[in-house]
Amino acid sequence: MKPTVLDRLIGFFSPEAETNRLQKRMKKDLLLRGYDAAKDFRTSDWVSASKTSANEEIKAAQKKLRERSRDLTRNNPYSVRAKNVIVSNTVGAGIVANIKGPTPQKTAELKALWKIWAETTACDANGIHNFYGLQRLILATTVESGEGLALRVGRDPLTGPKIKLVEADYINSDQDKDDGSLVQGIAFDSKGRRSAYMLFKRHPGDKGASNEFVKVPAADVSHVFRQDRPGQVRGVPWFHAVIEALKDFDDYQRATLIGRKIAACFAAFVTTNEIGRASCRERV
């Protein structure tokens, strides 16, 4: 380790003090060597690093991350492929329940009821998917947007409860309280458990949508997201760390393709003057 200007200046007056400074700095460097990202940098590459909580970071960036992630999964083939692979490898044809009753007869009855509810569209409030299709849809939404909601919206007396999947945009993220009882549209009781969700009546991105929202009990809401930090109450898109890189790569590919197309349109470029063209005609 090379001594700095300050080290040499101190050493001019006290060589022993200079040696002690160098030893301490070497010891610190050895401790940090296992974490390269913890070392000091002379550039401004890490000025954005912060010590804020997960919820504060997510609150500031969530909407923009969600919008950009959705744009990628609409237009970037690598993002589309990644999302489909995650969903296929996780859910596949559907995660099947293992049903067991107290007796063989009861088990058979429960399996029959499950088949009526889960393997038909009776479980879907919109009547489109069976239970396995809902699994794929909620995971795809979670990967793309960071989170999704499964709402219990009633119960059919013959087939059972109805499930309605909605995007996380329905959560009114502006509903916040400093005491922590309401965090980004999610209410908590005195014990820190989720008690309710503040949900818009319509998707805020719909034409003519208003800011009206209702308080839905947490018992009727299944909030699906990946928790990366303790205390985190909302999710972020799974592509958040590669959004910028994928966008840059996409722009690079487009520029390269356009350059190749332009190059293919020309066999040669001829620059000359009147005399040059005249002499060229004479030679021809």
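**Exercise 1.** At what angle do H3 and H4 pack, and how far apart are their axes?

*Solution.* The model is predicted: local features require pLDDT of at least 70 and side-chain atom pairs pLDDT 80 or more, while totals for chains, interfaces and linings use all residues. Residues are numbered from 1 along each chain as its sequence is written, and side-chain values use heavy atoms, with hydrogens and water left out.

Step 1. Helices (H or I, at least four residues) and strands (E, at least two) are DSSP runs, numbered from the N terminus. Axes are lines fitted to C-alpha atoms, for helices over the stretch in contact, and angles run from 0 to 180 degrees between N-to-C directions.

Step 2. The angle between H3 and H4 is about 95°, and their axes are 5 Å apart. H3 is therefore roughly perpendicular to H4; under 35 degrees counts as roughly parallel, over 145 as roughly antiparallel, 65 to 115 as roughly perpendicular, and the rest as oblique.

Step 3. Contact means heavy atoms within 4.5 Å. On the H3 side, Leu-72, Thr-73 and Asn-75 meet Pro-77, Ser-79, Val-80 and Lys-83 of H4.

**Exercise 2.** Determine whether Lys-83 is buried or exposed, and list its contacts.

*Solution.* Step 1. Lys-83 belongs to helix H4.

Step 1. Buried means under 20% relative accessible area, exposed over 50%, and partly exposed in between (1.4 Å probe, protein chains only). Lys-83 has 15% relative accessibility, so it counts as buried.

Step 2. With neighbours within four places in sequence left aside, Lys-83 is in contact with Thr-73, Ala-140, Val-143, Glu-144 and Phe-239.

**Exercise 3.** Describe helix H6: its span, its ends and its surroundings.

*Solution.* Step 1. The expected span of a helix is 1.5 Å times one less than its number of residues. H6 (residues 131–145) has 15 residues and should therefore span 21 Å; its end C-alpha atoms are 21 Å apart, which agrees.

Step 1. At the N-terminal end, Asn-130 caps H6, with a side-chain oxygen 3.2 Å from the backbone nitrogen of Tyr-132. Just after H6, Gly-146 has a positive phi of about 95°.

Step 2. Of the 15 residues of H6, 12 are buried. Among them are Tyr-132, Leu-134, Ile-138, Leu-139 and Val-143.

Step 3. These buried residues pack against helices H3 (54–75), H4 (77–90) and H5 (104–118), and against strands S1 (147–156), S2 (160–167) and S7 (221–225).

**Exercise 4.** Which residues does Val-224 touch?

*Solution.* Step 1. Val-224 lies in strand S7, and its 28% relative accessibility makes it partly exposed.

Step 1. Not counting residues up to four places away in sequence, Val-224 touches Ile-138, Thr-142, Gly-146, Glu-147 and Gly-148.

Step 2. Val-224 and Thr-141 are 83 residues apart along the chain, and their C-alpha atoms are separated by 9.3 Å.

**Exercise 5.** Examine Gln-232 and Gly-235 in the loop between S7 and H7.

*Solution.* Step 1. Gln-232 is found in the loop between S7 and helix H7 (243–264); Gly-235 lies in the loop between S7 and H7. Gln-232 counts as buried at 3% relative accessibility, and Gly-235 is buried at 0%.

Step 1. A polar contact is a pair of N or O atoms within 3.5 Å; within protein, one must be able to donate a hydrogen and the other to accept it, and residues adjacent in sequence count only if both atoms are side-chain atoms. The side chain of Gln-232 reaches the backbone oxygen of Arg-226 at 3.5 Å. A polar atom of that side chain lies 3.1 Å from the backbone nitrogen of Arg-229.

Step 2. Not counting residues up to four places away in sequence, Gly-235 touches Ile-58, Gln-62, Gly-146, Glu-147 and Phe-225.
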